[in-house]
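Student: I'm new to this structure, and I'd like to learn how to read it. Could you walk me through it?

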Amino acid sequence: MRSTPFGFAAALALIPLLAGCFVSGSGDPNEQGGSTGRVRVALAVPPAQALSPYSNDATVLSKLSVAEGLTALGADGAAAPALAKSWTRKDTTTWVFELRQAKFHDGTEVTAEAVVNALDHAGAAKAKPRVLSDVTLTARAEDADTVTIGTKTADPVLPLRLASPALGILAAKAYAPDGSVSPVGAGTGAFRITGLTGKTKATLDRFDDYWGGKAKAPGIDVTWIADGTARANGLRAGEVDVAEWIPTSQAKLLDAGTPHEVPSVRTDSLVLNTAGGVFADESLRAAARAAVDGSALVDSVFGGYADAARGLFGPAVPWAADKRVEVTGRATAATADQVRSKTGGTPLRLATYTNRAELPEIATVVQQQLEEAGFAVRQDVREYTQMEADLLAGSYDALVFSRVTLLDTGDAVAYLASDFAGNGVYNIARVKDSSIDQAIASAAAEDDPTRRQQKIMLAEAAVLRTDAVVPLVHEKVVQGIGTNVEGVRLDPRERSLIDLDTRLR
Amino acid sequence: MTSTKSAGAAARPHRWAAGAGRVVAGTTLLTAVTLLPWLSGTDPALTVLRARSADQDPTPAQLAAVREQLGLDEGPFTHLARWLGGLPRGDAGTSWVSGEPVLPQVASAFAVSTTLMLGALVVTLVVAALVSARTLRLGSRQEPPPGRPGTGAAFLAALPKFLLAALLATVFGVWLGWFPSSGWAGPASMVLPALALGVPSGAMIGGLVDQSLPAAFTEPWVRTWHACGFRPGRIALRALRGTVAGVLPQFLPTVVALVGGAVAVEKVFNIPGLGRLALDAAIAQDLPPLQTATLALALLGVAAGLLVQALRHALLGPALRDGGLAAPRRSAVRPPRSTRWVAGLCALTLLALVVAGSLRDPLHVDTAARLLPPSAAHPLGTDALGRDLLARLGHGALRTASLALAVTAVSVVAGLLLGLAGRVAAGLTEVMSTLPAVLVGLLTTAVAGPSVWGAAAAVCLVGWTPYAAQTAALSEQERASGHVLASISCGAGPTHLLRRHLLPAVLPAVLRNALLRLPTAVLVLASLGFLGLGEQPPTPEWGRLLAENQPYLELAPWTVLGSAGALVLLSVLAMSGAALGRRKA
């Protein structure tokens, strides 16, 4: 009889012992509702590789103004000066960048040598950053503050490329001999990382020697909260000041003035497998295109936080709407009866993935729209990594797909080439169309920005003509920003969030 | 004197068998986990690349680089050997995704999860005590037991933990602000998740105690003690000893398993626990953390199993060894009249739901009728896509209930067989009870591919452990009771023992346990959907209804109320129906 209470008492006694295992942000000066002026931010995607710029985490470094590249992406989508104060194109493959006076967080100067070192490491990384996948850079230090960058073939978008968060310039100490990269205390931005607790918390302090002046907030306390409802809860409970990516199901619950919508470069579309199965037939693809209506999704699935799609590129790509080319010469859609007889009632396999909460709901709406047009539909919904290999192998007839249309180059050609060129690595629609390939190639070779944009829109029309992809909606991102915060950057490309001007009121 | 000696000699091979069983079970499990990337047919280089960077193009060159970096071409066994070789040095390898040492990560996640589990244990004990308090009080005074069919416990045990978690986070975290809505920053962050995990577990444990207590109070000694003027408190404690000893093994799959199996609650409260770590590692096929987490869970299972065994032996004392346990009389409880009413009402409501729902279209999407509150046109309201919730509930009822019953039946049979197999199977039970169902789901997908039956198979593979643990405990107690020893000395064979003594002693309790766990089976089945296991959307199914409407809990509470209510009804019906059936038998 004695041992029961004893056993339980022993178990209970363990609790305070283990309570030392709570994750406390070192010192936690921010417990009292941000009275110190530090901004508390909830981010969505926990660090994959301890904030290495060669992983998903690169955007965290630019969102929190920790690391910078030679250039930055301006609001108009053009390259703007950052660590390089100016640049010139010496010939088709050579560019010269003039550096500004700047300091790394560890106190060392930003020199041409340091820039070359950083770019060389990015080029030599075992898993090359995506932004360097189609180009080879050679950087050379001319003098202390001049860097020459050469490319193997002409690259008209090199300054845009260098704005990629993956090509942030870090101090020499960031690059370990084993190939790992740590930006802790090695960036050049307005804030420096002082602590990183696993995948849960990070603390950042203002960097007083920042070349652009002193940031208004003394520091940032970052919490990673993967669950969207939990992020919204944190904001509503006053535990954080800024919460990114509020799910549309939670946006309505936020206080007035807290949700801020930003058009996103993400487009959700229905990708049709053109190489086999039902949709190898272009009249059936046309029937699917005619049946599917993205505008029905805007107010339902997205609760108003989306725009009905007008093409591959939405309002977040500011120049797209004016330069859009009308799509002509599409195949005639099969009628419902023709669809039934052609498919013979065989269900088409409609895939989507659970990682983005809206996609399964879209798939269900799309299923009904397709069924009304005579198709039989069977869904397959899984976690993305569970099905990616099958997607690339063409095991599905259709996919509800959410895709960023401006990849880390900030240039739309990269997206078109990887998704729709005959040799594209992400060509899930499996299109092989010489007119698309030509349109993409001619856009890629174009130097003049305006003409490049026109050619991109011609390529868009060429893609849409094949009905290999049916754009549904352009997503909007809802950023939750407490009414006590000002100066948060609302960036369609989601590269910046907290910067010099962000502060608590 | 002689009897003690022979018992001691018999105990030694038992201990050996149990130890060997543990080692074999643990080794098999670790090997299966190690083989995951090679079995799954999904290139681990691709999943690792994806976990590192979402927009990285999966070019052959990139994949080759990852493969070379991780040494994937060396095959699974080289990896296993290297990982095992590092363990004695305290080196569990580095994560394939992050490149960081695994041991500190797993150790901190394990500590977090264990702390949370201990918090949930406290809640469990309190809730269990509350659930069984009345029966205990009445029984100890020799008053007729209340004979409730356990509807209250069934009600609480049927509450989905993730829904409870979301509700608590909203009410006490956001609205009232009494506790942090998420995070893991101090003891205050522990309260809400511990409640979300502990209340249903406590109801389950309490329900089991509550139902075995009346039988304990019919044992002959109770009347003697009462007549001798022992205080009710002492009688209650004595009766609890035997009952708790039978229920104690349930703590392993119900509470200790929360260390790795609380993924949904960890997500809602953003707790950096072991469940999430193991799940992320499994999805990315990041082997070193996955192996280490599995090993930690298996060791935890064995340690908890040994603790439970020691506690039971301490509770029952030498009587267990020497065959001195009293024989409880069975089915002494008469359910009150109200039980029939409760059962009838539940059955009628469910029937009405099914009939009314079947006449409607569960798949028709009407984006204009989104999230409508209950009305004449939509008696239970509509979901986020404007589908009629009554229709979805009604159409899902049969599929959900029959699948859950089938899975539970298979688990019970497997549990009975393995539980009666003796100490050899104990190791397997311990190792498997702490294993999250998701991990088994992934292994099932790897071997057999995603399928409708995959989810059922995966749930069966882990679902038998509570019944095996219970069977083993109860049959051990039964074997040690005087009347069994008497029949053995009268020459009874093993078949006679099994049919006349063991099964009648074990089966009713196991069945009650299974009915209490029925809603859990529904929820676990649905939780594997994201692996492509089970029915695919938009097929209505109760677990999916709950999961897909969880985000709308606050905005449109009726979207989850219907399915949560139906689950509770099913559970209460099962319990009260069983109570009625028992009386007739």
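Tutor: Let's start with one pair: A:R89 and A:D447 form a salt bridge, with their closest N and O atoms 3.7 Å apart. A salt bridge here is a side-chain nitrogen of Lys or Arg within 4 Å of a carboxyl oxygen of Asp or Glu. Before going on, note that this is a predicted model, where local features need pLDDT of at least 70, side-chain atom pairs count only at pLDDT 80 or more, and totals for chains, interfaces and linings use all residues. Residues are numbered from 1 along each chain as its sequence is written, chains are lettered from A and ligands numbered from 1 in the order in which they are written, and side-chain values use heavy atoms, with hydrogens and water left out.

Student: Into which domains is chain A divided?

Tutor: Domain bounds come from an automatic or database domain assignment. For chain A, that gives domain 1 (8-29 + 36-258 + 482-504) and domain 2 (263-475). Their C-alpha centres lie 32 Å apart.

Student: How many residues of domain 1 of chain A are in contact with domain 2 of chain A?

Tutor: Contact means heavy atoms within 4.5 Å. By that rule, 16 residues of domain 1 of chain A touch 21 residues of domain 2 of chain A.

Student: Now the two chains. What area do chain B and chain A bury between them?

Tutor: About 6,000 Å², with 61% of it on carbon and sulfur atoms. In contact terms, 72 residues of chain B meet 66 residues of chain A. The count of salt bridges between chain B and chain A is two. B:E554 and A:R236 meet through their side chains in a salt bridge, at 2.5 Å from N to O.

Student: Which helix gives the largest share of the side of chain B that touches chain A?

Tutor: Helices (H or I, at least four residues) and strands (E, at least two) are DSSP runs, numbered from the N terminus. The largest share, nine residues, comes from α5(B). As for class, Ala, Val, Leu, Ile, Met, Phe, Trp, Tyr, Cys and Pro count as nonpolar, Asp, Glu, Lys and Arg as charged, and the others, Gly among them, as polar. That side of chain B has 41 nonpolar, 21 polar and 10 charged residues.

Student: Why is α2(B) largely enclosed by the rest of the structure?

Tutor: Buried means under 20% relative accessible area, exposed over 50%, and partly exposed in between (1.4 Å probe, protein chains only). Eight of the nine residues of α2(B) are buried, so this helix is largely enclosed by the rest of the structure. Among them are B:P44, B:L46 and B:R52. At the helix start, a side-chain oxygen of B:D43 comes within 2.9 Å of the backbone nitrogen of B:A45.

Student: Where does A:R495 lie, and what does A:R495 touch?

Tutor: A:R495 sits in the loop between β18 (485-486) and β19 (503-504) of chain A. A:R495 is buried, at 10% relative accessible area. Not counting residues up to four places away in sequence, A:R495 touches residues including A:T59, A:K63, A:L407 and A:D408.

Student: What about backbone geometry: which residues does a cis peptide bond join?

Tutor: The cis peptide bond joins B:P537 and B:P538, with omega about 5 degrees. B:P538 is in the loop between α25 (518-527) and α26 (542-549) of chain B. Phi is another angle to check: A:D467 is not a glycine, yet has a positive phi of about 55 degrees. A:D467 is also buried, with a relative accessible area of 1%.

Definitions and conventions
Buried area = accessible area lost by both parts, 1.4 Å probe. Polar contact = N/O pair within 3.5 Å; in protein donor to acceptor, adjacent residues only side chain to side chain.
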